[in-house]
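Student: I would like to go through this structure with you, term by term. Could we start with how its elements are counted?

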Amino acid sequence: MKSLLFTLLLLFSVLAQAQKAMLTGNLSSAGSDTLGYLMTLWGEDFSLQAPGVNVQVQAAGSSTAPTALAAGAAQLGAMSRPMQNDERQLFIARYGYPPLAVPVAMDALVVVVNQANPLQRISQPQLDALYSVTRLCGGTQVPQRWGDTGVIDDKWAQRRIQRFGRNSASGTWGFFKQQALCRGDFRADVAEFPGSAAVVQAVATTPESIGYASFGFHLSGVKIVPIVTRTGESIMPDADTIRSGRYPWFRPLYIYVNKPPGKPLPPLVAAFLHQVLSSQGQRRVAEAGYLPLSDAQISAARAAIE
């Protein structure tokens with residue numbers, strides 16, 4: 001019986017590979033910078049199995065995905081946040097149904113400072129006061145120097161804080177605004193960067209700075225700062241705290257696609273998503289520094305795209 005099952009699984013695998021090899025055409029992705037590297041890795045893997053398919057990846061920010069998907073300019077809309085209602089309505093106005101959101105990886109928003117910075121932890125009200133002009137999360141005093149955040153090191157206490165972040169096209173920008181700033185407005189003196197890698201690199205080379213980025217971007221020269229919860233516990237983002245929900249700012253990463261209700265996905269899109277949700281595709285997630293989906297999440301995602 002085991003021999004028969006193994007033979008059937010092997011046959012299905014061979015047939016799946018043969019079907020991919022026969023695929024031809026163009027497959028384009030638009031959207032998230034956070035997902036840009038992963039989309040490139042997945043695209044390279046897919047092209048090896050389906051050499052007749054040309055995969056193109058544009059990663060200008062999550063806000064570019066809904067427009068490209070609605071216009072038919074891209075078949076894959078990579079987003080590091082859920083679509084907003086007005087973005088969904090843009091798609092519905094053209095097609096009469098909403099796009100399908102397919103979770104493909106788990107991520108978290110993290111706060112980073114320079115490796116030399118003695119800051120040990122930071123609370124949401126402190127972050128709110130640092131980054132927001134409206135301070136809707138309860139921040140009162142606006143920290144201007146590192147001593148205002150609780151740093152007591154004499155060499156650091158009087159240093160002025162430099163604030164770094166993402167631009168408004170970014171899903172990470174929107175997620176930080178929603179979660180860390182309680183939907184408040186950003187200060188005008190937050191220096192904006194087009195990607196998480198650029199934020200982290202800037203923090204690494206600017207000792208007095210603080211920034212926020214995706215968990216998947218790890219560079220030498222910076223350290224991740226634990227977040228103080230409402231109960232006073234300091235939580236460092238890692239696989240356990242993100243998966244359990246103990247770390248407050250975790251999020252799925254999505255690929256949005258055009259799937260008419262009751263109808264199958266186009267063959268290229270379906271094959272690509274199955275590649276992403278495969279064991280190889282999820283290994284790529286871990287290699288890129290993110291968290292693979294759980295077995296239950298993968299099963300749900302596969303069911304949704306059938």
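Tutor: Gladly! Helices (H or I, at least four residues) and strands (E, at least two) are DSSP runs, numbered from the N terminus. By that rule the protein chain has twelve helices and twelve strands. This is a predicted model, where local features need pLDDT of at least 70, side-chain atom pairs count only at pLDDT 80 or more, and totals for chains, interfaces and linings use all residues. Residues are numbered from 1 along each chain as its sequence is written, and side-chain values use heavy atoms, leaving out hydrogens and water.

Student: How do you know that the radius of gyration agrees with a compact globule?

Tutor: The radius is taken over C-alpha atoms, and the globule rule is 2.2 Å times the number of residues to the power 0.38. For 306 residues the rule gives a value near 19 Å; the protein chain has 21 Å, which agrees. Its C-alpha atoms fill a box of roughly 70 × 50 × 35 Å along the principal axes.

Student: What makes α7 mostly covered?

Tutor: Buried means under 20% relative accessible area (exposed is over 50%, partly exposed in between; 1.4 Å probe, protein chains only). In α7, residues 171–179, seven of the nine residues are buried, among them Trp-173, Phe-175 and Phe-176. Across the protein chain, 50% of the 306 residues count as buried.

Student: What share of contacts joins residues at least 24 apart?

Tutor: Contact means heavy atoms within 4.5 Å. Among contacts in the protein chain between residues at least 6 apart in sequence, that share is 72%.
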